[in-house]
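Hi,

Here is the structure I promised to pass on. Have a look at it first, and my notes follow below.

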Amino acid sequence: MTGHVFGLGIGLAALGVAIGLGLIGYSAMQGMSRQPEAIGKIQTAMLIALAFVELVFLLTVFVVPGSLKI
Amino acid sequence: MGEVLTAGTLLGAAGGEGGAHGASYEGLFVYLGIVVVILFLFLANAKQGLNNRVFKKWTTQWTEQLYLFIENMTVGIIGGHGRKYIPLIMALWMIIFVSNIVSLFFPTAPTADLSFNLALALISIGYVQWEGMKANGVAGHFSHFAGPKLGGGLVLISLMIFVIELISEVMKNVSLSLRLFGNIEGGHQAVVAMNELGAGVYIPIGFFLLPVKLLTCVVQALIFTLLTCVYISLVTHHEEEGHEHSHGELAGAH
């Protein structure tokens, strides 16, 4: 039973993180197409933001099983 | 060498046989040795090409390009005084990148091991603390944690900010190491799962994930060093006020 709940939780976390990553990519691409001369700076900031959003999913995957004791 | 913390021990029953990917031997130092040997051979080969006035050897040219890339990143984020951090950043980048590349060809890799990543993160964050103490003084560095100066009864809020900043400083270690570990080990698990998917028809579907894993390898090495640069620039950025707005957005992303 706990495994089913964990699977559902992973799916929900993936959903939210995918929306977040998509928003970052969307706005970064929009910014790049508006100001092609700022591509370097935008890419740096985008990579950092991507890393921080991605970390949420990794925390879900690696920390939740420990706290649920499965 | 003791119990290494892998996804298997973290996930318990969900991870299965403890992060083994089919090889009979595992262990951090075997793979660390492979990484060090690859780095040594490449750099020793590259050093031979330094005799010419124009670099003709391809290893020398690649190393020069890598140096220029790292220098560009470091100086761009930290500023003019960031040139002295290039050796640290370059060493971190090379050891993480080669370890990630090893994970493409071998059953596991040093960066697929949480203890190694935690050691790298401790080195990085510990150096950031040292540099902050050198730049602002010990008291200045710790008062940096307490946020802006508040008077009167608002000292209580300063105390709360101090505690929260201290926790976030410790969590930087966790976030740096867990991000690298999760990406590399997650890639392994995905390849293993997809191989099992195609086991019935004898097609190793997981191999089609290798280009994605290559992209992950480059990006994760880049992100680790980039975040180290950002952390260094956050504690030493008082020295040059001219470029204040140039890494303002990086500070906002943090």
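How are H2(B) and H3(B) oriented to each other: roughly parallel, roughly antiparallel or roughly perpendicular? Before the answer, a reminder that this is a predicted model. Helix H2 (residues 28-48) and helix H3 (residues 58-78) of chain B pack at about 105°, with 7 Å between their axes. Angles from 65 to 115 degrees count as roughly perpendicular, so that is what H2(B) and H3(B) are.

On the H2(B) side, the contact is made by Phe42(B), Leu43(B), Asn45(B) and Ala46(B), and on the H3(B) side by Trp58(B), Thr59(B), Thr60(B), Trp62(B) and Thr63(B). Sorted by class, that gives five nonpolar and four polar residues, with no charged ones.

Next, the aromatics. Over all chains the count is eight aromatic pairs. One of them is Phe42(B) with Trp58(B): the ring centres are 6.2 Å apart and the planes sit at 70°, so this pair is edge-to-face. Phe42(B) belongs to helix H2 and Trp58(B) to helix H3 of chain B, so to speak of sequence, they are 16 residues apart. Phe42(B) is partly exposed, at 29% relative accessibility.The other pair I noted is Phe145(B) with Phe162(B), whose ring centres are 6.2 Å apart with planes at 55°, so this pair is tilted. Phe145(B) is in the loop between helix H6 (138-144) and H7 of chain B, while Phe162(B) is in helix H7, so the pair ties together parts that lie 17 residues apart in sequence. Phe145(B) is buried, with a relative accessible area of 6%, whereas Phe162(B) is partly exposed at 25%.

What about disulfides? The count over all chains is zero. Take Cys217(B): the closest cysteine sulfur belongs to Cys229(B) and is 20 Å away, too far for a bond, because a disulfide needs the sulfur atoms within 2.5 Å. Both residues are tucked under the burial cut-off: Cys217(B) is buried with a relative accessible area of 2%, and Cys229(B) is buried with 0%.

Last, the loop between helix H7 (155-197) and helix H8 (210-236) of chain B holds Gly200(B). Gly200(B) is exposed, with a relative accessible area of 64%. From Gly200(B) to Ile164(B) it is 36 residues in sequence and 52 Å in space, C-alpha to C-alpha.

Cheers

Definitions and conventions
Residues are numbered from 1 along each chain as its sequence is written. Chains are lettered from A and ligands numbered from 1 in the order in which they are written. This is a predicted model: local features need pLDDT of at least 70, side-chain atom pairs count only at pLDDT 80 or more; totals for chains, interfaces and linings use all residues. Side-chain values use heavy atoms; hydrogens and water are left out. Helices (H or I, at least four residues) and strands (E, at least two) are DSSP runs, numbered from the N terminus. Buried means under 20% relative accessible area, exposed over 50%, partly exposed in between (1.4 Å probe, protein chains only). Axes are lines fitted to C-alpha atoms, for helices over the stretch in contact, and angles run from 0 to 180 degrees between N-to-C directions. Angles under 35 degrees count as roughly parallel, over 145 as roughly antiparallel, 65 to 115 as roughly perpendicular and the rest as oblique. Contact means heavy atoms within 4.5 Å. Ala, Val, Leu, Ile, Met, Phe, Trp, Tyr, Cys and Pro count as nonpolar, Asp, Glu, Lys and Arg as charged, and the others, Gly among them, as polar. Rings of Phe, Tyr and Trp (its six-membered ring) pair if their centres lie within 6.5 Å; planes under 30 degrees apart count as stacked, over 60 as edge-to-face and the rest as tilted.
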